[in-house]
Amino acid sequence: MGHRAIAACLRPLVETSYAILDEDLADRGEVTICSADRLIPRLGDRFTIESAGMVHDVGVFSLTTSQAGWRVTCRADEPRPK
């Protein structure tokens, strides 16, 4: 996802909100998080997300930044019931 794709992901967001794109979670075990927040995650940072009634612990393995904000791709551990 290039700089234009990050900007498109961030367009509806205000500075402190996030977009969590989980369409690849079931098949690939990956989730993308986009934000314009000034606090940029680092590789290896951990997040907990809920998707399809399951809780997933995910770790950042890819980070892209632009003037519009940032995007991380995370890999999920094994899900657990909500």
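Me: Which residues make up the largest nonpolar core?
Reply: In this predicted model, the largest nonpolar core has 9 residues, namely L25, V31, I33, I49, V58, V60, W70, V72 and C74.

Me: And which strands each supply at least two residues of this core?
Reply: Those strands are β2 (30–35), β4 and β5 (69–76).

Me: Which strand gives the most to this core?
Reply: The most comes from β5, with 3 residues.

Me: How much of the chain counts as buried?
Reply: The chain has 82 residues, and 35% of them count as buried.

Me: Turning to the surface, which residues form a nonpolar patch there?
Reply: The patch is formed by I40, L43 and L63, which together have about 260 Å² of accessible area.

Me: Where does L63 lie?
Reply: L63 lies in strand β4, which covers residues 54–66.

Me: Why is L63 classed as partly exposed?
Reply: L63 has a relative accessible area of 33%, and partly exposed covers values between the 20% limit for buried and the 50% limit for exposed.

Me: Now the rings: what sits over the ring of F61?
Reply: The charged end of R75 does, at 3.6 Å from the centre of the F61 ring.

Me: How many aromatic pairs does the structure hold?
Reply: The structure holds 1 aromatic pair.

Me: Lastly, how many helices and strands are in the chain?
Reply: The chain contains 2 helices and 6 strands. Along the sequence, their pattern is α-β-α-β-β-β-β-β.

Technical notes:
Residues numbered from 1 in each chain as written. Predicted model: local features only at pLDDT ≥ 70, side-chain atom pairs only at ≥ 80, totals over all residues. Heavy atoms only, no water. Phe/Tyr/Trp six-rings, centres within 6.5 Å; stacked < 30°, edge-to-face > 60°. Lys NZ or Arg CZ within 6 Å of the ring centre and 35° of its normal. Patch = residues over 30% accessible without salt bridge, like charges linked within 9 Å, V, L, I, M, F, W, Y side chains within 5 Å. Areas by Shrake-Rupley, 256 points an atom, 1.4 Å probe, with all protein chains shown as cover. Salt bridge = Lys/Arg side-chain N within 4 Å of Asp/Glu carboxyl O. Helix = DSSP H or I, 4+ residues; strand = E, 2+ residues; numbered from the N terminus. Buried < 20%, exposed > 50% of the residue type's maximum accessible area, 1.4 Å probe, protein only. Core = buried A, V, L, I, M, F, W, Y, C linked by side-chain atoms within 4.5 Å.
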